[in-house]
Amino acid sequence: MKKKLSLSFILPVSIILFIFLVLKVWPFGDKTILVIDSNTQYVSFINYLKTCFFGTNDFKYTFSATLGQNFIPLLGYYLMSPFNLITIFFKPENIKMVLTIIILIKIGLCGVTMEYYLQKKYPDKKTLLFSLSYALMSYNIFYMYHLMWLDAIILFPLIILGIDYIFEDKKPTLYIFTLALSIIFNYYIGVIVCLGSLIYFIYKLILENKEIIKFKVFIKYSISSLLGGFLSMFILLPSFFGLSSSKAVFSLSNLKFDILIPYFNVIAKMFTAATGNGETWHGGPMIACGMVIFILLIMFFLNKKIPKRNKIINAILLFCLATTFVVKPLDLLFHGLNTPNCFDFRHAFIFVFFEIIIACNSYMNLNYNKDDLKKVSIIICLISIIIYLYKFKFNVSTYGLTILLSFIIMIIIIHFLKKNKNIYKVLLIIAIADLTINTTSGILTNIMPDKQSNSEFKNYVIKVDNIIKTLKEKDNSLYRMEKTFDREDNINKNMLSINDSMIFDYNGISHFDSVTNKEVEKLMEKLGFRRLLTRAYYNKNGSTITSDMLLSIKYILSKNEHKNYTKIIQEEDLAIYQNPYYLSFGYKINNDNIDIESNNPFLNQNNIVKAFTSINEDIYEYSPYTISYENVKKTNDTYQTNSIGILKYKIKITSPDELYFYISPPSEIQTTYKKAKMYINDVYYEDYFTKYNWGVISLGKHQIGTTIELKFEFKEQLEIKDAYFYYENIDILEKHYQELSKNQIDFKKITSSKLEGKINLDKSSKIFLNIPYDEGWTLLADGEKIKLNPILNTLTSFELPSGNHTLTLTYTPKYSTLGIIISLITLLFSILYIIFCDKIWNIYIKYKEIFNYLIIGVLTTLVSLISYFILSRLLDISNNIYFIIANTISWILSVTFAYFTNKKFVFESKTKGKNALKEAFKFVTSRLATFIIDLVIMFILVKLIKINNDYAKIIVQIIVLVLNYIFSKLLVFTNKERNKIAKKD
């Protein structure tokens, strides 16, 4: 087996390296496969890991994401793979090369685990063809830059093998720990794996219905699944609660019926090279894994050796899996009820896995004749023609060629099947050639639209890292800094550097991930920064001095002169500028009741500063303007053009101060981006209304009495509700700054989750803390705990008495301790369960009735809770009548479920007809009786004896549980009735 496992690793890696050689991708050229999200996110986050091991950061909190955030959700979503540990020993500039090697290793390991699974299922058979198809499936190739997803793909065959062991009555060790690891390494794909596990279990249960002890298998699978899930609670629990304010929050409101793609498109996506132009962001499902698999799949259903029952079960399975791509609610179920922003159908690997194991089964039972091959030929001809005629576009430029190529490959396969000589070798050679073409197509689709260079990235990182290290040698205090240029000099392309704060370990505010706090991003938008879905941008040309002051931005890294800031470091073409109006992370304020609900960021900043200082003078002064347009039809706030529209704003200068402008984006700008060229006095400045550039812009300083013209040229419809032009009065800003700078906290960073500081107050005061409000923060002032409060909807404030104070601010992610405790307890239970599972089963058999009753009791409670949860959202439960209706229906459903499950699984009653009706009546009556007893005892314990409501409920539930069992055994499902039925039988 070792040789087969080695080949299953070497072969897919060799094919990819060969393609890298041809396409001049690193290590054979300067191109890189680290594109799109891996280029903007993963290289930054993984680089940040090094600072957690060797720097002052830790795994609890980070100040390198927006204004600061809980690090656990980001860790669980992106960084838990053990392969990431390799990167901490390399320099930041080499991260793309290291990650390329890790991707190759992971894809190779996908082949290894699949080969291991197939060898266990078909000992000593030739299965390399199928493990190769799994390793090089389109999902792995097209999404290889999502390297944090690949760990679960590696583990999935082992999870399935673990389920097979459960069916074979072996130890559940493999299943428990591989399931746990898949969730730990990436909880997002881990959820998908859990659903895939459930699908396989149901499939296997139906397939082997008569050959297993169903209840024993069900119990072992259920317990093992729970143990696997609970083992991951140390990362899953704090991550789940940390996601409550992010875009990844689960929502039932997304469950609206819709058809995403036609069924035939699913078949089309199984063809070779079925990925291409336009599918970098949205496309799929990525389920191509070679035409050999496709042919064998068709032949499975034509094979007379395979029982009809098996064919029907497998056909239903594939149809159901295909339906998860077609029907929106089912697709969302695999994505945590949250619509994916990009990269659709992230569960496609599950379909591919089943596709391959059915094809492998087909090959192992290969039995065909000329008539069968004729049928296969006709089927593939019809499929190819239909796909071509319906234009299921998967590569605009080579659409016909893709279909023709796949058709030719299938005809070649059928030709060699007819000869019936060295079938496996021929199929393997064809599969290698076919998968090489498919892999080339996937890699090209990724690297062509997002052309990235290893050397440019490396040079950029070295240069920026050097100047930031120079700054840190001068100033190692706690502050924020930002930068105003991108990794590349392309106009308006500032997406690539959005997470640079995590590469270079500085406290920035630009950030992009899927788990960030959306309320923080909304606050930044209110201050005039660009917000885009889960991204927050520091403005390309810098922000206002006031917002820099409010957000504690001390330094700006720039290639250009930066406002009135002082240049302190110059290295090559980069310079660092110091903000003369810098405020620390905490300072005294006079008022925390502030209105920032306006779409006007200048008004919001005025309101904040005036409230903080109690100086009733506006920093920003409104500038009137006139507006005109050419080749434009204006309807309300909409500007339409059939050619090139021109929109002009003219401003007569009345102040020597910096002039800014801002146009508030409409709500749909989150997904729809326009573009206009912006000119100042007919000199091109930059593009505006773009995906990344839609924030406050400085128009510079101008001589009083002159007139400047701001002009936009655009081809697409623009919606402009408000345009704001304001001067920033430096003299008034100075007054506010002097007031705020009197009482600042002198913070020292111990770790990223622990800060220490000192402040001296002459009277009891409110303190503003420039950190997002989070229940995980604990503040001690002189050893005493201080209550923290939200301010500005999302930041933090607190109150302190007069005097000198020593502050300690510590962050502990919510439920992280509980998660660790649950995982440790579960680990102990898992070990005990694995060692004693056979003895536990024997104890279960001995006390089967009681155990089944307890299990059914738990399930009945779940039915009650879930039904009430759903009904309470469908009905207006604030209305007492609807509350009663929801509660009553929930009770009826739970009692009905309890009756039938207790009848069948607990007391094994076989009553029918009138006897069954009597039995049901007795059951309902007994449950009503215990319900009344429940109410009476609760009243006595809570109202008369004055026991805590929660404790009383636990006591009563135990009493009711025991009474329900006694009533069911003695009055409902009596031995007498059961004996009568048994005698009749």
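Three strands make up an open sheet whose order is β4-β6-β5, and their pairing is antiparallel; strands here are DSSP runs of E with at least two residues, helices are runs of H or I with at least four residues, and both are numbered from the N terminus. Two strands are taken to pair if DSSP finds at least two bridges between them. At the edges stand β4 (511–512) and β5 (530–532), each with a single partner strand, so one side of each is left without a neighbour in the sheet. Strand β4 is joined by two bridges to β6 (residues 535–537), and these two run antiparallel. Within this arrangement, F512 stands opposite R535 in β6.

The model is predicted: local features need pLDDT of at least 70, side-chain atom pairs count only at pLDDT 80 or more, and totals for chains, interfaces and linings use all residues. Residues are numbered from 1 along each chain as its sequence is written, and side-chain values use heavy atoms, with hydrogens and water left out.

A further open sheet contains four strands in the order β3-β7-β9-β8, with mixed pairing. Its edge strands are β3 and β8 (566–571), each of which pairs on one side only. From one strand to the next, the twist averages 20°; for such angles, axes are lines fitted to C-alpha atoms, for helices over the stretch in contact, and the values run from 0 to 180 degrees between N-to-C directions. Strands β3 and β7 (residues 553–558) run parallel and are joined by four bridges. The bridge partner of E482 in β7 is I556. Helix α20 packs on this sheet and touches β3, β7, β8 and β9 (574–578), while its direction makes about 130° with that of β8.

Residue D475 lies in the loop between α20 (454–474) and β3 (480–483). With a relative accessible area of 10%, D475 is buried; buried means under 20% relative accessible area, exposed over 50%, and partly exposed in between (1.4 Å probe, protein chains only). When neighbours within four places in sequence are left aside, D475 is in contact (heavy atoms within 4.5 Å) with K554 and Y555.

The largest nonpolar core has 177 residues, of which F130, Y139, F349 and I443 touch the most other members. Such a core is a set of buried Ala, Val, Leu, Ile, Met, Phe, Trp, Tyr and Cys residues joined through side-chain atoms within 4.5 Å. Helix α7 (residues 150–167) supplies the largest share of this core, 14 residues. Beyond its neighbours within four places in sequence, Y139 has contacts that include M144, W149, I153, F345 and F349. A second, separate core of 71 residues includes V520, L523, I619 and Y620.

Two packed helices are described by the angle between their axes and the distance between the axes. The axes of α7 and α10 (residues 214–231) come within 9 Å and cross at roughly 145°. Where these helices meet, I163, I166 and F167 in α7 face V217, K220, Y221 and S224 in α10.

A search of the whole structure finds zero disulfides, a disulfide being a pair of cysteine sulfur atoms within 2.5 Å. C320 is in no disulfide, and the nearest cysteine sulfur, that of C289, is 19 Å away. At 42% relative accessibility, C320 counts as partly exposed, whereas C52, at 10%, counts as buried.
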